[in-house]
Amino acid sequence: GFRAIGNYDLFADKYISVPNEPDALVINYLLREKAGAPAKITVADASGKVVATFDGPSEAGFNQALWNMRVSAPAGADANEARRFRFAPPCPRGNYKITIAVAGQTITKIGTIRKRIEE
């Protein structure tokens with residue numbers, strides 16, 4: 001008879017599968033209604049120095065933005081300089097002040113970078 005070589009069984013939900021956690025600080029926020037412009041997210045270190053700024057989604061309901069835990073390239077940076085910042089080492093462990101400004105509202109919370117597995 002004919003025999004197939006390889007694993008052709010269909011396991012369905014026999015094994016639990018979950019996505020990997022993002023290599024980022026996850027920022028969650030809820031909006032009652034869709035905003036007309038993206039959320040402006042600012043991250044400052046313990047001394048108050050702004051280390052990153054980026055846009056987040058502004059849809060009605062649950063929104064999620066990811067900070068890659070790296071210093072942002074300065075405004076007007078060319079492509080090579082922006083690439084250098086994108087692959088720079090992550091910011092040090094500690095607390096960071098995260099400010100979300102959207103639809104005329106502003107909220108600030110603390111986010112923490114903890115020790116990484118590879119440290």
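Which residue in β5 stands opposite Ile-41? That's Ile-100. Before going on: this is a predicted model, where local features need pLDDT of at least 70, side-chain atom pairs count only at pLDDT 80 or more, and totals for chains, interfaces and linings use all residues. Numbering starts from 1 along each chain as its sequence is written, and side-chain values use heavy atoms, with hydrogens and water left out.

Now, the sheet. It's open, with four strands in the order β3-β2-β5-β6 and antiparallel pairing. Strands here are DSSP runs (E, at least two residues), numbered from the N terminus, and two of them pair if DSSP finds at least two bridges between them. At the edges you've got β3 (50–56) and β6 (105–113), each with a single partner strand, so one side of each is left without a neighbour in the sheet.

Let's look at the pairs. β2, residues 39–44, runs antiparallel to β5 and is joined to it by five bridges. Strand β5, residues 94–102, has nine bridges to β6, again antiparallel. There, Thr-99 has Thr-108 in β6 as its bridge partner. The β5–β6 hairpin has two residues between the strands, and Ala-103 takes a positive phi near 55°.
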